[in-house]
Amino acid sequence: ICFKSIMVVISVKESGSNGGFLFETTTNTPNDVLISQLVSIHNLRLQSRLVCDAVRQLAENGPMKKPHNYSEKNEGESSENIHAKSISDMTYKEHAIEPQVLKTLLKTVQDIDDYTDKAQVQKRIPLNENAITDKLANVRGAVVMAFPMGLPEWDLAKVSLDSSIDGLKMTGVANEILDPCTASLWVAGKEFQRTQLVSDRLGKNEKTKVIGKLTKAGSGPPVREAAVTEGERKAMMAHYFKRQEDLKRLAESNEDDYLGSSWADPKAMKRNLQGVEQIKAPGLQF
């Protein structure tokens with residue numbers, strides 16, 4: 001699969017399980033607009049992750065029962081504070097969903113889960129803000145079909161679907177949410193200045209592809225990645241340990257059986273140069 005359009009492709013790398021995503025832009029796009037678009041997609045992916053987890057729990061267990069710490073007098077803030085509780089801490093009340101409606105609900109969840117997955121980078125599929133918004137709307141509509149009477153204010157599925165990005169700052173992804181007005185974009189260790197164009201940093205070649213990272217305001221450039229991955233480091237350590245064991249075993253060995261090896265034969269090179277290495281006397285068994 002290849003990119004069909006000729007545009008600048010930015011591969012945004014993210015830490016943790018999010019992985020990252022691809023985004024297409026042009027060289028004449030203002031950096032301020034580009035950063036806002038990237039941050040919006042970043043935040044929508046976080047919201048999508050919350051929605052997928054909450055709606056799957058909703059489909060399996062039904063709506064959440066009213067928490068013990070929920071009261072009518074603080075109803076306005078309870079819908080936010082409910083995020084602080086993990087899904088495993090919640091209790092549910094049974095609700096039967098028609099099989100076809102349940103199938104539709106899970107399909108919409110899987111659709112947005114697949115679209116925002118980090119595997120899209122390997123498939124070379126760039127993300128679009130409107131596409132994510134539409135898929136979230138599809139999930140919201142499927143939830144309404146499955147629960148026409150509505151969900152309680154404290155249900156995680158309702159809160160994650162109905163809350164704005166600012167409303168998700170009380171959730172477990174609060175530290176990952178970025179502000180589109182103050183976030184920074186870094187490519188090759190240099191920051192994109194909001195007052196400039198993309199071409200001021202990347203040139204005017206629309207076929208450019210770069211790797212970028214988003215950071216919070218004032219946090220400085222992102223930490224440089226390690227030269228080797230964790231898997232490579234473990235493989236190197238295993239090889240080093242095996243080599244050390246081999247050397248230790250050779251040092252402790254007093255036998256001279258190695259003299260029978262071909263590499264220990266002082267005349268092996270001479271025979272090889274003369275072309276008689278493979279010649280054997282007739283009648284001898286080896």
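Analyst: Contact means heavy atoms within 4.5 Å. Keep that cut-off in mind. The model is predicted.

User: Which residues does Val 143 contact, leaving aside its neighbours within four places in sequence?

Analyst: Val 55, Leu 58, Leu 105, Leu 151 and Leu 161. Each has heavy atoms within 4.5 Å of Val 143, so each counts as a contact.

User: What makes a group of residues a nonpolar core?

Analyst: Two things. The residues must be buried and of nonpolar kinds such as Val, Leu and Ile, and side-chain atoms within 4.5 Å must join them. Buried means under 20% relative accessible area. The largest core here has 47 residues. Leu 34, Leu 38, Val 55, Ile 132, Val 139 and Val 143 touch the most other members.

User: Which elements supply at least two residues of this core?

Analyst: The helices are H1 (31-61), H3 (99-115), H5 (129-146) and H6 (156-162). The strands are E1 (8-13), E2 (20-25), E3 (184-187) and E5 (209-215). H1 gives the most, with twelve residues.

User: Why is H1 called roughly antiparallel to H3?

Analyst: Look at the angle. H1 and H3 pack at about 160°, with their axes 10 Å apart. Angles over 145 degrees count as roughly antiparallel, so the pair qualifies. Their crossing is left-handed. On the H1 side, the contact is made by Ser 48, Cys 52, Val 55, Arg 56 and Ala 59. H3 brings residues including Leu 102, Leu 105 and Val 109.

User: How do you know that H3 is roughly antiparallel to H5?

Analyst: Apply the cut-off of 145 degrees again. The axes of H3 and H5 cross at roughly 160° and come within 9 Å. The angle is over the cut-off, so H3 is roughly antiparallel to H5. This crossing is left-handed too. Among the H3 residues in the contact are Leu 105, Val 109 and Tyr 115. Ile 132, Val 139 and Val 143 are among those from H5.

User: What makes E1 and E5 a pair, and in which sense do they run?

Analyst: A pair needs at least two bridges. E1 and E5 have four, in the parallel sense. Val 9 stands opposite Lys 209 in E5. Ile 10 stands opposite Val 210 in E5.

User: How many bridges join E3 to E5, and in which sense do they run?

Analyst: Four bridges join them, and the strands run antiparallel. Val 187 stands opposite Gly 212 in E5.

User: Why are E2 and E4 called edge strands?

Analyst: Read the order first. The open sheet of five strands runs E2-E1-E5-E3-E4, with mixed pairing. E2 and E4 each have a single partner, so one side of each is left without a neighbour in the sheet. As for H1, that helix lies across E1, E2, E3 and E5.

User: Why is Arg 124 called partly exposed?

Analyst: Its relative accessibility is 42%. Buried means under 20% and exposed over 50%, so Arg 124 falls in between. Arg 124 sits in the loop between H4 (119-122) and H5. Its phi is positive, about 60°, although Arg 124 is not a glycine.

User: What makes Ala 188 exposed rather than buried?

Analyst: Its relative accessible area is 72%. That is over 50%, so Ala 188 counts as exposed. The residue lies in the loop between E3 and E4 (190-191). Ala 188 is not a glycine, yet has a positive phi of about 55°.

Terms used. Residues numbered from 1 in each chain as written. Predicted model: local features only at pLDDT ≥ 70, side-chain atom pairs only at ≥ 80, totals over all residues. Heavy atoms only, no water. Buried < 20%, exposed > 50% of the residue type's maximum accessible area, 1.4 Å probe, protein only. Axes fitted to C-alpha atoms, helices over the stretch in contact; angles between N-to-C directions. Parallel < 35°, antiparallel > 145°, perpendicular 65-115°, else oblique. Left-handed = near helix turned anticlockwise from the far one by under 90°.
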